[in-house]
Amino acid sequence: MAKMTKAQREWRPGMPKKRRSTKVMFASTVLLLEAFVAFFGTLAVFGLKRGEVDPGIILGVGIALSVVLVLACAVLSKPWGIALGWVLQVVLILTGLAEPMMFIVGILFAICWWYGIRAGMRIDREVAQRDREQAEWDAAHSEETGPQTP
């Protein structure tokens, strides 16, 4: 039998499911898209600058950046995860030193990152407020409905 996770061991019938952060979902989406762009940008630079720069360096740096972008998705819920994402935005912009069009692509992704974080935080606040209001309403109206019997 497979080993159960902590969440699976602690689950009991009737427990509400923990909500996922919209901010983390938006940020993960942007980072994954950036990983694809970094990979395909690596292939483009490999084709364009193969004679000028060692192909091993081009492929090594580009694939490493793609892998780091994917792995960064796992730490976005940590306090320092969003800061790591900002660092990766700067790194993606700096890939424009190898291929100038990446300056534009990097800046556009940095704008997407900023908007995803901003909108995700707003949505998370609204969901938390709605959950608090629902809990208050449920507490105030629980004695009116009484126990439900089928």
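1. A helix axis here is a line fitted to C-alpha atoms over the stretch in contact, and angles run from 0 to 180 degrees between N-to-C directions. With that in hand, welcome to this predicted model. Helix 2 (residues 22–49) and helix 3 pack with their axes 8 Å apart, at an angle of about 175°. Angles over 145 degrees count as roughly antiparallel, and helix 2 and helix 3 are therefore roughly antiparallel to each other.

2. Next, have a look at what lies between these two helices. On the helix 2 side, the residues that meet helix 3 include Leu31, Leu32, Ala35, Ala38, Phe39 and Lys49. Their partners in helix 3 include Pro55, Ile58, Gly62, Ser66 and Ala72. By class, this contact of helix 2 with helix 3 has 15 nonpolar, three polar and two charged residues.

3. Serine 66 sits in helix 3, which covers residues 55–72. Is serine 66 buried or exposed? Its relative accessible area is 8%, and under 20% counts as buried, so serine 66 is buried.

4. What does serine 66 touch, leaving aside its neighbours within four places in sequence? The answer is Ala35, Ala38 and Phe39. A polar atom of the serine 66 side chain lies 3.2 Å from the backbone oxygen of alanine 35.

5. Finally, a word on the record. An unreviewed UniProt entry lists residues 21–45, 57–76 and 83–116 under "transmembrane region". In the model, residues 21–45 are 96% helix and 0% strand, with end C-alpha atoms 36 Å apart. Residues 83–116 are 82% helix and 0% strand, and the end C-alpha atoms of that span lie 14 Å apart.

Notes: Residues are numbered from 1 along each chain as its sequence is written. This is a predicted model: local features need pLDDT of at least 70, side-chain atom pairs count only at pLDDT 80 or more; totals for chains, interfaces and linings use all residues. Side-chain values use heavy atoms; hydrogens and water are left out. UniProt positions are given in the numbering used here, feature names are shortened, and annotations may be inferred rather than shown by experiment. Helices (H or I, at least four residues) and strands (E, at least two) are DSSP runs, numbered from the N terminus. Buried means under 20% relative accessible area, exposed over 50%, partly exposed in between (1.4 Å probe, protein chains only). A polar contact is a pair of N or O atoms within 3.5 Å; within protein, one must be able to donate a hydrogen and the other to accept it, and residues adjacent in sequence count only if both atoms are side-chain atoms. Contact means heavy atoms within 4.5 Å. Angles under 35 degrees count as roughly parallel, over 145 as roughly antiparallel, 65 to 115 as roughly perpendicular and the rest as oblique. Ala, Val, Leu, Ile, Met, Phe, Trp, Tyr, Cys and Pro count as nonpolar, Asp, Glu, Lys and Arg as charged, and the others, Gly among them, as polar.
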